[in-house]
Amino acid sequence: MGNKTALYEAHVACGGKIVDFGGWDMPIHYGSQLEEHHVVRKASGMFDVSHMTIVDLEGDDAKAYLQYLLANDVNKLKEIGKALYSGMLNEKGGVIDDLIVYLMPVGYRLVVNCGTREKDLAWMQKQADGFNITLSERPELAMVAVQGPEAIEKAKAVLGGEKADIISGLNVFQGLESDGWMLCRTGYTGEDGLEIMVPEKEVADFWQQLKAAGVASCGLGARDTLRLEAGMNLYGSDMDESISPLQANMAWTVAWEPADRNFIGRVALEAEKADGVKTKLVGLVLEERGVLRGHQKVVVEGLGEGEITSGTFSPTLGYSIAVARVPAGTGDTCSVEMRKKLQTVQVVKPPFVRNGKRVYK
Amino acid sequence: MSNIPAELKYLSSHEWVRVEHDGTATVGITYNAQDLLGDVVFVELPEVGSELNAGEEAGVVESVKAASDIFSPVSGEVLEINENLEESPDFVNSDPYNEGWFYKVKLADESDLDDLLDAEAYAAACEAEDH
C-alpha cells in the first residue's frame, strides 16, 4: 500500500485503475488512456498531481541561495508569481531533479518531483549551509492540473469570484495565490491550462465540481503520452544524475550569464561545453506500424549507438514517437532495434505536438 | 469484473479459440489480456495461407503500454484475418470475443483442443497470475 492523495477515494469511485507511482497509489487511467489523451487535446481534462512535492523557501538569502542551487537564474523572475523551469544539478553537472520555481510575494515556491522528494530535500538542506533561509514542505496542499483548450474557461466557471478574476489576468508560466489556493498557468501537456494548488480539505469538492462542469478525469497514462508529444522531459527516464542538461535538451535552462554567478555544476558544464557535448536528446518518428519503447537500442551508422529514453504511440498523430539519446553528430535518420529487427526512423526536433497540432518538421 | 465465456478454450498466455460449426477455429485474445494491455493501437496478424503450429508465435499486439506476442492455440492454415483491426484496433478492447477476433484457421488436428484450458482452468490461471 502506497501513499494516497486526498482524491484517492474519488479515483476509485469513478473506476480509476490504481498503480504504484513513485510510492503513491495513483490512477493510470479510468477506462481508456487514449480517450483521456484526446479529451485534453480537444476539450479539457483534469489530473490529480497531488503527489508532487511543494516546498516554500523564505529568508534574507533566499534569492542568493537559489542562484547557487539552480542552473537557471531566479534573477530572471521580476513579476510576482512568475515561474522558471530549472535543473538542480550536482557538482558533476548531472541533473538531481528538474523543477519549477515561483517568485512569491515573500520568498519562493518550488515544485519538485515526487520520486525524488527525499534526495531533493536532503540536497537542498545540505546546500543551505551558510545561507539564512528556511525550507518548508507543504504536504497539506493538493494539486490538480486542468488542461486543454477549454480548461481555463471551465476552471473559471467553477471557481468564480476573485479566483476567476485572477485566472483571467495570469500570464503564461505565472501563478498567483488566493485564499490559500495557488492558481498557476502551467502544465505538462502542451495545451493551455492550469495547475491549481488546493488545500487538501477542499480538493475533493473542487474535483467533483470540475467533473460536473464536464472536465474529464484523466490518469497518469494520458499525462505521459501528452507530455511526450509536447516534447517535455520525464525525470528518471530522459535525464538523471548521470546526464547533464546539455545532453537533455535543457541547454536553454542553463543561465550562463552573469558569468560570475557560481551555481552548483557550473564548472563541470563549462568543461563539458569546451570539450564538445558528446550526445544529444532527439525526437524519433516511426510512421509505419510498431511502437517505439523506452530502452530500445538506437543505431547510428558510422557514429555508434544510442538509446530510446521514452517512447510511445502518439494518439494525436496516430503513429509512434520517442525521444532518444544519440551521438551528437546524428543526422536525419537512424535505426532502432525493435523486436530483433532494425527499423529506420526519422530524427526530428521535439516537440511533436503543440495545441492539438503536429509541429515537428 | 472478469469475462470468460464458457464455450471457448484458452491458453494461459490469454489467447482464446472458438470452434465453429464448419470445423474452422477463430482465435483472439481474452478480456483479461486486453485489460492488462490497455488501449490496443496495432495488431500484427499472420498471413492468409500461412501454416501455424500450436504454441507458435502468430502475431503481435501493441498497446499504449506494451508489445505482446500472440501464440496460436491450434495448428492449421490461416483462412482469414480480421482486416478491420487495421483501422480499428480498439475492437480488441471493446469486444475481444466478437469484433476483436484475430484470425481463423482450418483446424489441422482437433486433438489440439484437448491441450487447451477450459474457462474454469483459465480463470484459475488468471487468478494465480494476480497473486
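**Starting with a pocket**

Analyst: Let's begin where two chains meet the eye: the second largest pocket is lined by 17 residues, and A:Met338, A:Arg339, A:Lys341, B:Glu44 and B:Val60 lie nearest its centre. A pocket is an open set of points on a 1 Å grid over the protein atoms alone, where a 1.4 Å probe fits, with protein on both sides within 12 Å along at least five of seven lines; lining residues have an atom within 4 Å of a point. Before we go on, this is a predicted model, where local features need pLDDT of at least 70 and side-chain atom pairs count only at pLDDT 80 or more, while totals for chains, interfaces and linings use all residues. Residues are numbered from 1 along each chain as its sequence is written, chains are lettered from A and ligands numbered from 1 in the order in which they are written, and side-chain values use heavy atoms, with hydrogens and water left out.

User: How many residues has the largest nonpolar core?

Analyst: General idea first: in soluble globular proteins, nonpolar side chains tend to be buried together. A nonpolar core is a set of buried Ala, Val, Leu, Ile, Met, Phe, Trp, Tyr and Cys residues joined through side-chain atoms within 4.5 Å. Buried means under 20% relative accessible area, exposed over 50%, and partly exposed in between (1.4 Å probe, protein chains only). The largest core has 33 residues, and A:Phe47, A:Tyr102 and A:Met239 are among those with the most contacts inside it. Among the elements of chain A that give two or more residues to this core are β5 (83-89), β6 (95-103) and α8 (220-229).

User: Why is α8(A) said to be largely enclosed?

Analyst: Because nine of its ten residues are buried. Among them are A:Leu220, A:Arg223 and A:Glu229. After α8(A) comes A:Gly231, with a positive phi near 70°.

User: And how do I read aromatic pairs?

Analyst: Rings of Phe, Tyr and Trp (its six-membered ring) pair if their centres lie within 6.5 Å; planes under 30 degrees apart count as stacked, over 60 as edge-to-face and the rest as tilted. There are eight aromatic pairs over all chains. A:Trp181 and A:Phe206 form an edge-to-face pair, 5.0 Å centre to centre with 75° between the planes. That pair links strand β11 and helix α7 of chain A, its members being 25 residues apart. A:Trp181 is buried at 5% relative accessibility, and A:Phe206 is buried at 2%. B:Tyr10 and B:Tyr122 have ring centres 4.6 Å apart and planes at 10°, so they are stacked.

Terms used:
Helix = DSSP H or I, 4+ residues; strand = E, 2+ residues; numbered from the N terminus.
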